[in-house]
Structures are given as C-alpha cells and as structure tokens.
Amino acid sequence: IGIAGSFGDTGTTTVNILNDDQVALTATVSQSLTFSISDNTIGFGSLSAANDRFATGNGAGADDETEAHTLTVGTNAANGYTMTLNGATLTSGANTITSIGANNTASSVGTEQFGIRIDEAGGTGVVSAPYAAAGGYAFDSAAFPDSIASAVSASANTTYSVRYLANITANTEAGEYAATMTYVATANF
C-alpha cells in the first residue's frame with residue numbers, strides 16, 4: 001500500500017492478506033449426573049402398637065417424624081432425570097409389616113403400616129405422587145420400580161429429605177424386621 005498526498009509526505013506499508021483469518025474453537029461438556037445418599041444404614045429401633053415410629057440415622061428411631069437421610073440428585077441432561085425406588089416392606093422371615101400402598105395415607109397408630117414420604121429443596125426436581133404430600137405416606141411395592149422424583153430439564157442439585165414410617169398392631173408377629181431400599185437416579189440425555 002502506497003501513501004501519498006498533498007501533505008508533502010510519502011511512504012509505504014505492507015498488509016498481509018490471509019486466505020483464512022478465522023479461528024474455529026471447539027469444546028465438549030461431558031454428560032454429568034450427581035447422585036448421593038447421606039446415610040445408607042437407618043433404623044426404627046423398637047416398634048410399639050401404642051405409637052408410630054420413624055426411622056433415624058442412628059438406628060434408634062424416633063416417636064416424632066424426622067428425616068432419616070437425604071438423597072441428592074443433579075444433572076446437565078437436557079431432559080432432566082428420573083429417580084426410582086425398588087425394595088420390599090419390613091420383613092422377618094415369612095412375616096411382614098403391611099406396606100401402605102399407592103395412596104398417600106396418614107399415620108394410623110395401632111394399624112400395620114410401612115411407608116415413606118419425601119420433601120425436596122433446591123434445583124428443579126420434584127417428588128412424585130403419592131410420596132410428596134405433607135403428613136401422608138406411601139409405599140407402592142406393586143408398581144416397583146416406582147418413580148419417586150424427577151426433573152424435566154437440566155437441574156442443579158435437588159436434595160430430597162426421606163422420612164420412613166412404621167406402625168404395628170398389638171398382634172404383629174415378634175421378630176427382627178428388615179428391608180432394603182434401592183434408589184436409582186437415571187439421567188435423561
């Protein structure tokens with residue numbers, strides 16, 4: 001490029017013209033799913049037909065409703081996630097404590113009942129019916145694995161507080177009762 005004009009000075013400069021003057025950048029965001037359980041050994045302690053009982057992390061149980069543990073789920077999946085529950089009611093050999101079933105039901109002292117209730121906080125996850133209603137419990141083992149919570153889009157971590165209820169009758173068979181719950185979180189990419 002030459003420079004000239006009536007201002008009395010002249011000169012030249014060089015300009016490089018590139019055929020490809022753009023830089024293409026790429027990046028990958030890996031799929032992610034966060035899932036954790038705060039305590040995987042909980043218990044009711046001794047059950048009595050005179051009062052309802054709630055599981056606690058120390059295994060001793062409580063007479064007042066309390067959180068037994070939390071589940072934390074989050075994902076960057078475009079279609080969120082689904083969390084399911086699988087398991088069985090409290091069992092001692094051939095004896096069982098009756099699961100509440102598919103309807104959200106209040107605690108009824110003196111009636112055999114086993115159920116859970118879940119609350120959520122943070123993120124965009126929500127608890128599925130019938131486990132979401134305050135004051136009521138459910139345990140729908142006929143539908144297992146049962147959907148208990150979900151998010152419909154990518155979600156920051158949602159913390160789910162899980163409460164377990166057990167009631168017995170005066171003639172519930174004596175024994176050491178146990179159950180294993182399996183929680184599964186699946187990202188919907």
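Partly exposed means a relative accessible area between the buried limit of under 20% and the exposed limit of over 50%. D63, at 43%, is therefore partly exposed. Welcome to this predicted model, in which a search of the whole structure finds four salt bridges.

**The D63–R53 pair**
- D63 and R53 meet through their side chains in a salt bridge, 2.6 Å from N to O.
- This pair links distant parts of the chain, with D63 in the loop between β4 (53-54) and β5 (69-75) and R53 in strand β4, ten residues apart.
- R53 is buried because its relative accessible area is 13%, under the 20% cut-off.

**A network of salt bridges**
- E65, R117, D119 and R163 are linked in a network of salt bridges.
- Within it, R117 pairs with D119, their closest N and O atoms being 2.8 Å apart, and D119 pairs with R163 at 3.2 Å.
- D119 lies in strand β10 and R163 in strand β14 (residues 155-167), so their pair ties together parts that are 44 residues apart in sequence.
- R117 is buried at 6% relative accessible area, as is R163 at 15%, whereas D119 is partly exposed at 26%.

**E112, buried without a salt bridge**
- E112 sits in the loop between β9 (101-106) and β10 (113-121).
- Although buried, E112 has no salt bridge, and the nearest side chain of opposite charge, R53, is 16 Å away.
- Its side chain does reach the backbone nitrogen of T98 at 3.1 Å and joins the side chain of T172 in a polar contact of 2.8 Å.

- I37 belongs to strand β3 (residues 33-37) and is partly exposed, at 37% relative accessible area.

Methods. Residues are numbered from 1 along each chain as its sequence is written. This is a predicted model: local features need pLDDT of at least 70, side-chain atom pairs count only at pLDDT 80 or more; totals for chains, interfaces and linings use all residues. Side-chain values use heavy atoms; hydrogens and water are left out. Helices (H or I, at least four residues) and strands (E, at least two) are DSSP runs, numbered from the N terminus. Buried means under 20% relative accessible area, exposed over 50%, partly exposed in between (1.4 Å probe, protein chains only). Lys and Arg count as positive and Asp and Glu as negative; His and the chain ends are not counted. A polar contact is a pair of N or O atoms within 3.5 Å; within protein, one must be able to donate a hydrogen and the other to accept it, and residues adjacent in sequence count only if both atoms are side-chain atoms.
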